[in-house]
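I opened my notebook to look up a few things in this structure. My entries follow, in short steps.

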Amino acid sequence: MYRYVVTRLLLAVPTLVGAAALVFVLMRLIPGDVCVIRLGAGSHGNPGAIEACRQSLGLDNPLIVQFLDFLGNYFTFDFGTSMWSGRRVAHEIGSRLPVSLQIALMATVIAVLIAIPLGTISALKENTWLDHIVRMVAIAGIATPSFWLGIMSLVLVLDITYLATGKAWMPPIDYVPFWQDPLRNLSMVLLPAITVGYRYSAVTMRMTRSAMLEVMREDYIRTARSKGLLEQIIVNRHALKNALLPVVTLIGIEFAFLIGGLVVTEQVFNLNGIGRLFVQSVQNQDNVMTQALTMLVVTVFVLTNLVVDLLYAWLDPRIRYS
Amino acid sequence: MYLRTGLLAAGLGLAATIAAVPAGAQTPKRGGTLVYMIPADSPPSFDGHRETTFATVHAAAPFYSVLIRVPPDNPASTTEYVCDLCTEMPKPTDDGKTYTFKIRPGVKFHDGSTLTAKDVGASWQRIVFPPQGVTSARVSYYAMVDKIEVPDDNTIVFKLKFATSAFLPALADPFTWIYKKEILDKDQHWYEKNIMGSGPFKFTSYDVGQAIKGARNPDYYHKGQPYLDAIEGIFADKQAVRVDAIRADRAAMEFRGLPPSARDSLVKEAGKDVVIQESDWNCGNIITPNHKKKPFDDVRVRRALALAIDQWAGAPALSKIATVKTVGGIVFPGSPLAATKEELQKMAGYWPDIEKSRAEARRLLKEAGAEGLKFELTNRNVDQPYKFVGTWLIGEWKKIGLNVEQKVVPTGPWFQAMRGGNFDVVVDANCQSIVNPALDTGKYLPKSIYPESYGDYDDPKSAELYNKMLRESDPKAQRAAMRAYETHTLDTMAHAIITPYWFRIIPERSYVKGWKISPSHYLNQDLANIWLDK
């Protein structure tokens, strides 16, 4: 197992270098640079300001030097300094990561709590009214963009509270960590977690249903039934555990996606998370930050996939790694 | 108490307060926290000398003092300046070439140390003559400054190379914060990431990209101010978030500006809990043809582009959906140096008879062999008002048979296209802080003199007219010189087309008192005179 984990981590290195090279090149294909954006509209006839800015950020160095600097920094865990804010990238990311992580975790919990029971029931009650309702809810969840759901839920909260109390209410717009003020924290993140979690649960629900349907038709389930095992034991111990293999993969991919992919939801709810930082850094052509964020997301994907693969062995004892 | 905008529309350049803001009639109350929205993600740095974005001003101006400023109780004035750190506005000596300011005694920095003329001098040296490795964005504003001297702890003297009316407004620029000399001597970059001034509020915390907070400075030198106990600026670049936050009273106001649709929905939903202040804005879009590209090197084609546009009918229509309103020339409409309507109507692009104007445009195009011309209008990927203005222009040009395609690009490529001359015609912008026409109009000089003039033309006559205007000290003569420069720019050479000036719409909760709108979102941002009537 240990050897397997180390091999997988080593195999991630070319993936990371490839991703680094790709994002490095792509960022430099965009015309303009961070200095032009920051000073272009207001340097008031002072071209020296832009040149001085470029020099201070190392943008006048040859591309290969910039790339090697970036790679060297990344592999020594020094992500450098943001070209936009002048602050350490690790600090900028560190201040946003808790928000994204909390939303991702809460959305995952919500998704799992909704998707696995409903997906299982839907499969067990195939083609009944219950199955139809669950499938409808799932399809609606997939078809509804979470940002739209976010906007609508905000409007709804504003209107309902206004009608009920005469004062419109909305969740707080400045993040407070859970341990500082749990109530304020939850009132801020609950709505976005639910809107993201709903779409997430819809995808997972459909996967759970189809996996369960497939497993329930397997020979070993028939054997278990012929042995006279209770249906509850068959479902919980034999069917669900096996059906969860593809579901776990999906949950892993979705979770990794949420770390950097909540761009619009974060904007709708004014959450200062990684997704919003990603968009800002691309807009500001902050190459250092964009590269660091891309590498962060790639790393999260690689690690999540590794964790998912390790979970396979726990879920299905026939799977062994060497 | 919401009145229709049209009732007040006649006041060119004047700040028009839509809702009643009877601040003067009430005694300010002490206490409370003002939570306001900052319509940006985060400022690139806190160094006002280096930055040009309003995000820096909205975040950090309350922590700093300046030498002089626009009057906080009348920030709409385009000609008045009052002391902040100085004791009285000086009369220039030496034929208008020397300004001596006495510095207010007993002013303390937030660290408890005393602010002297040496700190003021060091800050202004950094702004006007930045040392190696320091970026000062507004160096060219102070091209008239020859020397800055600090003869003693209470006096600072500015010696100019030539007398000009542009100097005082330039000195009142809202980015010219006073830093502590001792800190600058140790590290010229310290103020990029740190805040320590002598303004009405003391910096307390900054959550990157989230919020900035300050607490009342009890040692503030303007007696009784600030009225608030604390301030909190929350960063939110999405307009919907800001509007919802004001509606739900998560925030009391924002200071940049909303489009008319957001104003209307906010007023409809929040009713009397929200009041609106409005003003013409010292910002506008400039339509710049690339003189290095055919056929835009031909003045007849450039004039035709201007003559096709019906500014007088377009402005009121556009103002219903976009943040633009007042028709103007190269000078902000509220300034004494601005052209009157009659003066404007003599120039290409402002003729009162649009049919006659378009007939002339068609004639010029035919004469230049450019009938049915196809070209690309490069625009910035910003809705308000860029894309609205761009779309309107294309419709206007279609009326004289032009076939124009709008190419919308993100901010970086937009700047790059302009700087590299990689465009046919571009929707550029000129957004200034303090109304200082003599400097604001530098944008229309040839590129060799003013590198941010993107038309890329050589025009010695333009430079000659500009310099005459810049150095003219008699107001009447300066106005005449400005007209000559403006006519040359917009009519004779048609170097650029000015579209209606932007329009500032500021919402605030009705309990917010004391703050008055100005023609710029950079001005009057120290928040010292705001109080809460709760």
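I began with a definition: a residue is buried if 20 or more other C-beta atoms lie within 10 Å of its own, exposed if 12 or fewer, and partly exposed in between, with C-beta atoms placed from the backbone. I noted that this is a predicted model, where local features need pLDDT of at least 70, side-chain atom pairs count only at pLDDT 80 or more, and totals for chains, interfaces and linings use all residues. Residues are numbered from 1 along each chain as its sequence is written, while chains are lettered from A and ligands numbered from 1 in the order in which they are written.

**Entry 1**

Then I looked for exceptions.

Asn270(A) is not a glycine, yet its phi is positive, about 50°. I found Asn270(A) in the loop between helix H11 (263-268) and helix H12 (274-283) of chain A. Helices (H or I, at least four residues) and strands (E, at least two) are DSSP runs, numbered from the N terminus. Is Asn270(A) buried or exposed? Asn270(A) has 28 other C-beta atoms within 10 Å, so it is buried.

Asp456(B) also has a positive phi, about 60°, and is not a glycine. Its loop runs between helix H14 (437-440) and helix H15 (460-471) of chain B. Asp456(B) has 18 C-beta neighbours inside 10 Å, so it counts as partly exposed.

Next I checked peptide bonds. The bond from Lys294(B) to Pro295(B) is cis, with omega near 0°. Pro295(B) sits in the loop between E13 and helix H8 (299-307) of chain B. The bond from Gln384(B) to Pro385(B) is cis too, with omega near -10°. I placed Pro385(B) in helix H12 (residues 383-398) of chain B.

**Entry 2: chain B overall**

I counted 16 helices and 20 strands in chain B. The radius of gyration of chain B is 23 Å, close to the 24 Å from the globule rule for 534 residues, so chain B is as compact as a globular protein of that length. (The radius is taken over C-alpha atoms; the rule is 2.2 Å times the number of residues to the power 0.38.) Along the principal axes, the C-alpha atoms of chain B fill a box of roughly 70 × 55 × 40 Å. Of its 534 residues, 59% count as buried.

**Entry 3: strand E16 of chain B**

I picked strand E16 (residues 425-431) of chain B. In E16(B), 5 of the 7 residues are buried, so the strand is largely enclosed by the rest of the structure. Which strands pair with it? Two strands pair if DSSP finds at least two bridges between them. Strand E13 (residues 283-289) of chain B runs antiparallel to E16(B), joined by 7 bridges. There, Ile287(B) stands opposite Val427(B). Strand E14 (residues 374-380) of chain B pairs with E16(B) in the parallel sense, over 2 bridges. There, Thr378(B) faces Val426(B) as its opposite.

**Entry 4: where the chains touch**

Two residues are in contact if their C-beta atoms, placed from the backbone, lie within 7 Å. I found 39 residues of chain B in contact with 40 residues of chain A. On the chain B side, helix H5 (190-193), helix H6 (239-247) and helix H13 (411-420) each supply at least two residues. H13(B) gives the largest share, 6 residues.
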